[in-house]
Amino acid sequence: MSHRRMKRVLVTGALGQIGSELVEWLREKHGDGNVIASDKKDDPPAAIRDNDPFAALDVTDARALADLCRTHRIDTIYHLAAILSGVGEQKPDIAYHVNMNGLKNVLDVARDLEMARVMVPSSIAVFGPNAPKWNTPQECELRPASMYGVTKVAGELLCDYYWKKYGLEVRGVRYPGLISHKTPPGGGTTDYAVAIYYDAIRHGRYTCFVREDTVLPMMYMPDALRSLVELAGAPADRLRYRNAYNIAALSFSAGELAASIRDHVPGFEVSYEPDFHQQIAEGWPHSIDDSAAREDWGWAPEYDLERMTADMLAALRKRLNPVESHARGEG
Ligand code: VAH
C-alpha cells in the first residue's frame with residue numbers, strides 16, 4: 001500500500017467530546033479538504049459544517065461506511081464513535097452494538113481498502129475492581145465490571161487481531177477521564193469533572209454525582225489530542241503494544257478538583273450526592289503507569305491541575321459570561 005499519497009482522514013464521532021476538537025487539529029495538520037468529519041447526529045455546528053465536508057454516518061451501517069470511505073478515498077480513520085460508561089450502563093444493548101459492531105465495521109473497511117492507519121481510543125475502563133488501584137500497570141488482568149469496559153477490552157483484542165492477522169496498522173491509547181470546554185459534558189462517569197466547571201461559572205455551586213474522596217485518572221483535552229496524533233506518527237518498530245497504551249497526566253479526587261476551582265471562584269460550593277456512577281468509578285484505577293508510552297514513543301503530558309483549571313475557567317467565562325471575562329481582562 002503506497003504511503004506516498006496525501007492523507008485522507010475520516011473522523012467518526014466527530015461531534016463528540018474528543019472528535020469536535022480533534023477535527024480542528026487534524027485539519028490544521030492535513031489541510032481542510034483532507035479531513036472528513038462524520039457523526040450519527042446530522043446537525044453539525046457551523047465550526048465543523050462550514051469549514052469542510054461533514055457526513056452524517058452511523059458506524060453500525062457497514063455499507064454506508066464503506067461507501068463513504070471509497071467516495072472520499074479515506075486512508076486513515078480516527079474512530080471515536082462510541083457509547084460512554086454512564087449511558088452504556090443504562091443502555092447496555094445499544095452500547096454493545098455501537099461499540100462492537102461499529103468498531104468491526106471500521107476495521108473491516110480499513111482492511112479491505114488497505115488503509116495506512118486506524119486510531120481507536122480505549123479507556124482506563126478496561127481495568128476492573130481486581131486491578132491494582134494505584135499506578136495500574138500496562139499489562140494487567142482486564143476484568144471490567146461495566147458494559148463500556150467490556151466493549152473496550154473486546155475492542156482492544158479485536159484491534160490486535162486485525163494487526164496480527166491482516167497487518168492493519170491499528171493503534172490506540174487507554175484514555176483516562178478527559179476534561180474539555182468545547183463540548184458540554186457527555187454520558188461519561190468522569191464527566192462530573194467537566195460539568196463542575198460549567199456550574200462553577202453559571203451557578204457558583206455544583207452537585208457532584210461521585211463521592212468527594214473519589215480519585216480518578218484524568219487528562220486535559222489538548223494533551224489527549226496530542227497523544228493520539230503522536231502515537232499515529234510513531235515509528236512502527238518502536239511500538240511494543242498496539243492496543244492499547246496506558247497514558248496518564250493527572251489523578252485527583254472530586255474534592256481536590258473542587259478546591260482547585262475554588263481558588264478561582266471564591267465561595268464555590270459543592271455538595272456530593274453519589275448516584276449509579278459511583279459504582280462504575282469504584283471499579284476503575286486511581287492512577288496509571290504510563291512508562292511504556294513514555295519509553296516507546298516519548299509520551300509526556302503538559303497540563304497539571306492548576307494549569308487546566310485556569311484554562312478551563314477562562315475559556316468558559318469567555319463563552320458563558322463574557323462581561324465578567326472582559327472585566328477580568330481574560331480577552
Ligand atoms: C467515561 N469519559 O467516563 C469516559 C472515559 C475513563 C472514562 O472512558 O465513560
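Start by selecting M119, which stands opposite R171 in β7. Before going on, a word on what's loaded: this is a predicted model, where local features need pLDDT of at least 70, side-chain atom pairs count only at pLDDT 80 or more, and totals for chains, interfaces and linings use all residues. Residues are numbered from 1 along each chain as its sequence is written, and side-chain values use heavy atoms, with hydrogens and water left out.

Now select 117-119, which is strand β5; β5 and β7 pair in the parallel sense over two bridges. Strands here are DSSP runs (E, at least two residues) and helices are runs of H or I with at least four residues, numbered from the N terminus. Two strands pair if DSSP finds at least two bridges between them. Colour the whole open sheet and you can read off the order β3-β2-β1-β4-β5-β7, with parallel pairing. At its edges sit β3 (54-56) and β7 (170-171), each pairing on one side only.

**The three-stranded sheet**

Next pick 173-175, strand β8, joined to β12 by two bridges and running parallel to it. Click V173: its bridge partner in β12 is Y245. Another open, parallel sheet shows up here, in the order β6-β8-β12. Because β6 (122-123) and β12 (245-246) stand at the edges with a single partner strand each, one side of each has no neighbour in the sheet.

**Where the domains meet**

Colour 8-176 + 220-246 as domain 1 and 178-219 + 249-285 + 303-327 as domain 2; these bounds come from an automatic or database domain assignment. Their C-alpha centres lie 25 Å apart. For the interface, select the 29 residues of domain 1 in contact with 26 residues of domain 2 (heavy atoms within 4.5 Å). About 2400 Å² is buried between the two domains, and carbon and sulfur atoms give 65% of that; buried area is the accessible area (1.4 Å probe) that two parts lose on being put together, summed over both.

To finish, zoom in on E24 and K182, whose side chains meet in a salt bridge at 3.7 Å, N to O.

Technical notes: Salt bridge = Lys/Arg side-chain N within 4 Å of Asp/Glu carboxyl O.
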